[in-house]
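Here is a short briefing on one structure.

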Amino acid sequence: MTARESLALITETMNNNRKDIIFRSGKHFILWGVLLTLFSLAVFILWRATGHAQWNFLWFVMPAVGFPLAHLLDRKKDADLPENVFSRILSSIWLSFCIFSVSVAVFTVLYVSVNPNPIGTIAVGASLTAQIVLLFGMALTISGFVVKNWPVIVAGFVTGIGGLAIYYIVDLGAAQMLIFTFAGVVLALTGVIIKNLRR
Amino acid sequence: MFPKLDPILHSELRLAVMSILAGVEDADFTYIKKQTGATSGNLSVQIDKLSAAGYITVEKGFKGKMPRTTCRMTPAGREAFSTYVTALQEYLSAGK
């Protein structure tokens, strides 16, 4: 092998390796994006039809469905794919998002259930969407920086800050779930972009 | 005077294995085989050579009921790989 051929081999192998690993992350983005879209639409429809905000408890089912599906997705084809620094950072970002979102939701439910002040509890319960959409936007923006993709970075800002702005500007009621529908579509599209980085 | 290229690394398959391991924490034998397109026998021989040179560690274990061989680059391997790449770049820049 000449020096040029050796360097070309190193570059090609490292690039293929990096793309294969990031490709797996793309599949997870699509899975969670689709789930987020479906669950937000389900909550929106049920909440609007019945007038009961309690349909939001359906959100707790999403991780219970999503994590086994994600596990199955990995077992099927990419079981032997190793972790690299990018995939580890992406997993850490979204695992942190999941933990923070579920914690905020649980604390809100607990607060609302024990607090006797109805006006205060409504305000706390209602701000949950704003908090989670902001966390989501931050997680997506950082993911965009990790994969060095401007559309994903911009989508993160638009979803997080735009979602927050829409929430505060418009009195949305059940329709606030459509902010998450938009976020779900953006997440799935991010997955498609990440998968296409392989090419 | 050009630096001498490490003969352990200056082989197509061993270099490909090291390039894969340079970007990950560790990698499964089957994954390396898939990425390099090498046969199991040839890959085993080259992995043994890298292991004997102290450039990688090889760990045999199980994932569920399936046997699993995991390779990981050592600090000495990382150093050798980095020196090798620097040497290649010196060769190329001298050739311009």
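Two strands count as paired if DSSP finds at least two bridges between them. In this predicted model, A27(B) has C71(B) as its bridge partner in β3(B). β1(B) and β3(B), the latter spanning residues 66–73, are joined by two bridges. By that rule they pair, because at least two bridges are needed.

**Sheet of chain B**
- The open sheet has three strands, ordered β1-β3-β2 in chain B, with antiparallel pairing.
- Its edge strands are β1 (27–28) and β2 (56–63) of chain B, and each pairs on one side only.
- Helix α3 of chain B, residues 40–52, lies across β2 and β3 of that chain.
- This helix runs at about 125° to β2(B).

**Extent of the interface**
- Contacts link 22 residues of chain A with 26 residues of chain B.
- The two chains, A and B, bury about 1,900 Å² between them.
- Carbon and sulfur atoms account for 63% of that buried area.

**Polar and charged links**
- The rule finds one salt bridge across the interface of chain A and chain B.
- R88(A) forms a salt bridge with E25(B), and their closest N and O atoms are 2.7 Å apart.
- Four residue pairs are in polar contact across the interface of chain A and chain B, both residues at pLDDT 80 or more.

**The chain A side**
- α1 (3–50) and α3 (85–114) of chain A each supply at least two residues of the side that touches chain B.
- α1(A) gives the largest share of that side, twelve residues.
- By class, the side of chain A that touches chain B has eleven nonpolar, five polar and six charged residues.

Key: Residues numbered from 1 in each chain as written. Chains lettered and ligands numbered in written order. Predicted model: local features only at pLDDT ≥ 70, side-chain atom pairs only at ≥ 80, totals over all residues. Heavy atoms only, no water. Contact = heavy atoms within 4.5 Å. Buried area = accessible area lost by both parts, 1.4 Å probe. Salt bridge = Lys/Arg side-chain N within 4 Å of Asp/Glu carboxyl O. Polar contact = N/O pair within 3.5 Å; in protein donor to acceptor, adjacent residues only side chain to side chain. Helix = DSSP H or I, 4+ residues; strand = E, 2+ residues; numbered from the N terminus. Nonpolar A, V, L, I, M, F, W, Y, C, P; charged D, E, K, R; others polar. Axes fitted to C-alpha atoms, helices over the stretch in contact; angles between N-to-C directions.
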